[in-house]
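I opened the model to look up helix faces and aromatic pairs. My entries follow in the order I made them.

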Amino acid sequence: MAAAPTWIPLLVGFLAGLGSVEAQQITLHPLVGRFFVHTLDHATFLRLPEHVAVPPTVRITYHAHLQGHPDLPRWLRYTQRSPNNSGFLYGTATPEDRGRQVIEVTAYNRDSFDTTRQRLVLIIGDPEGPRLPYHAEFLVRSHDVEEVLPSTPASRFLTALGGLWEAGQLQLLNITSALDRGGRVPLPIEGRKEGVYIKVGSASPFSTCLKMVASPESHASCSQGQPPLLSCYDTLAPYFRIDWCNVSLVDKSVPEPPEEVPTPGDGILEDDPFFCPPTEATAQDFLTDALVTLLVPLLLALLLALLLAYIMCCRREGRLKRDLATSDIQMFHHFTIHGNTEELRQMAASREVPRPLSTLPMFNVRTGERLPPRVDSAQVPLILDQH
């Protein structure tokens with residue numbers, strides 16, 4: 001009896017381990033309209049003691065999805081630069097996403113092939129505090145999205161932006177990779193980044209500096225290849241390289257008027273003095289039109305057929321008329337050539353050509369004997385396949 005493969009017990013143990021391990025559960029509270037980010041740290045899934053650091057060579061990848069669905073909800077994104085780096089779940093919930101959502105995360109250890117599962121319970125609620133009707137979006141060319149998602153770079157961006165806008169009221173609304181907005185993957189050159197869009201909201205109106213940057217005059221200057229109109233000191237320059245030609249400002253302080261909902265009618269048009277449709281339809285006879293449509297093409301086809309038959313059959317000149325129209329000298333010359341040709345053909349059919357010397361009996365000078373050749377070469381075909 002053949003021995004069972006060695007991988008079968010390992011697979012059975014692996015599946016049994018999956019069923020026995022209980023998934024960790026973490027409760028989080030995202031807010032509608034506010035940026036949410038959750039870090040998938042290697043130490044959390046490896047379950048290492050507090051005093052033990054995560055080995056730098058550990059490679060872990062993650063797979064996250066909404067419970068009962070194959071993918072994440074539409075407002076939530078996942079990113080991870082490499083298996084050696086942490087993963088991130090980030091996004092901004094919309095009013096339609098209020099309530100409870102469960103995200104299941106599975107971590108795969110690429111070295112030991114261990115798996116760990118984690119359940120994130122998201123309780124999405126409304127934010128507290130004043131509304132943030134003033135939104136500004138900036139394109140940061142010097143960072144990738146993974147470099148801005150941690151809390152330290154995000155707080156540094158808000159602090160630096162406070163020099164251009166009133167500080168204390170700024171909050172992150174959204175962070176999006178430039179690749180998700182149609183950007184191109186940069187060349188693998190040091191210093192080239194993908195870029196990231198950072199959207200910030202505030203309860204304070206825009207500063208004069210930001211209004212000037214987003215003005216039509218500034219956009220016209222950018223379209224001509226000139227620097228934008230920036231009237232204040234760029235406090236973001238030491239840490240972030242902002243593309244000031246891609247700054248957009250949205251003012252939602254003035255509520256938009258509600259759209260008019262069309263009222264469905266009864267489907268009957270009102271009386272119109274300029275539109276008087278006929279009430280009765282007069283009877284019409286289409287027999288004449290049908291006959292004209294069918295008979296006229298048939299008559300034309302018949303006339304064309306008769307004309308063609310007359311030309312081909314009734315107007316033939318004939319051989320006698322052709323001979324009478326030809327001069328006697330030309331006819332005598334023609335018959336002479338024709339008679340000579342026939343005479344040559346008859347002579348060629350009845351002529352006798354002497355046999356070649358190679359087929360004659362061979363004569364021996366010394367003995368005087370005449371011997372026939374061994375093979376009659378006259379009977380051998382030029383091509384052996386011909387018989």
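Are Phe 157 and Phe 240 buried or exposed? I looked both up in this predicted model, and both Phe 157 and Phe 240 are buried.

I then took their rings. Phe 157 and Phe 240 pair edge-to-face, with 5.2 Å from centre to centre and 85 degrees between the planes. Phe 157 belongs to helix H4 and Phe 240 to the loop between H6 and strand S11 (248-251), so the pair ties together parts 83 residues apart in sequence. I also found a cluster in which ring pairs link Phe 138, Phe 157, Phe 240 and Trp 244.

Next I went through H4, residues 151-161. Its buried residues are Pro 153, Ala 154, Phe 157, Ala 160 and Leu 161. Down the axis of H4 they fall within an arc of 130 degrees, so they line one face of the helix. Ser 151, Thr 152 and Thr 159 are exposed on the other side of H4. I listed what the buried residues of H4 pack against: strand S8 (134-140), helix H3 (145-148), strand S9 (171-177) and strand S10 (196-202).

I repeated this for H6, residues 216-223, where Ser 218, Ser 221 and Cys 222 are buried. Down the axis of H6 these fall within an arc of 100 degrees, so they too line one face. The face turned away from them carries Pro 216, Glu 217 and Ser 223, which are exposed. The buried residues of H6 pack against helix H5 (208-213).

Last, I checked Arg 181: its charged end sits over the ring of Tyr 197, 4.2 Å from the ring centre.

Technical notes. Residues are numbered from 1 along each chain as its sequence is written. This is a predicted model: local features need pLDDT of at least 70, side-chain atom pairs count only at pLDDT 80 or more; totals for chains, interfaces and linings use all residues. Side-chain values use heavy atoms; hydrogens and water are left out. Buried means under 20% relative accessible area, exposed over 50%, partly exposed in between (1.4 Å probe, protein chains only). Helices (H or I, at least four residues) and strands (E, at least two) are DSSP runs, numbered from the N terminus. The arc is that of the directions from the helix axis to the C-beta atoms. Contact means heavy atoms within 4.5 Å. Rings of Phe, Tyr and Trp (its six-membered ring) pair if their centres lie within 6.5 Å; planes under 30 degrees apart count as stacked, over 60 as edge-to-face and the rest as tilted. A charge sits over a ring if NZ of Lys or CZ of Arg is within 6 Å of the ring centre and within 35 degrees of the ring normal.
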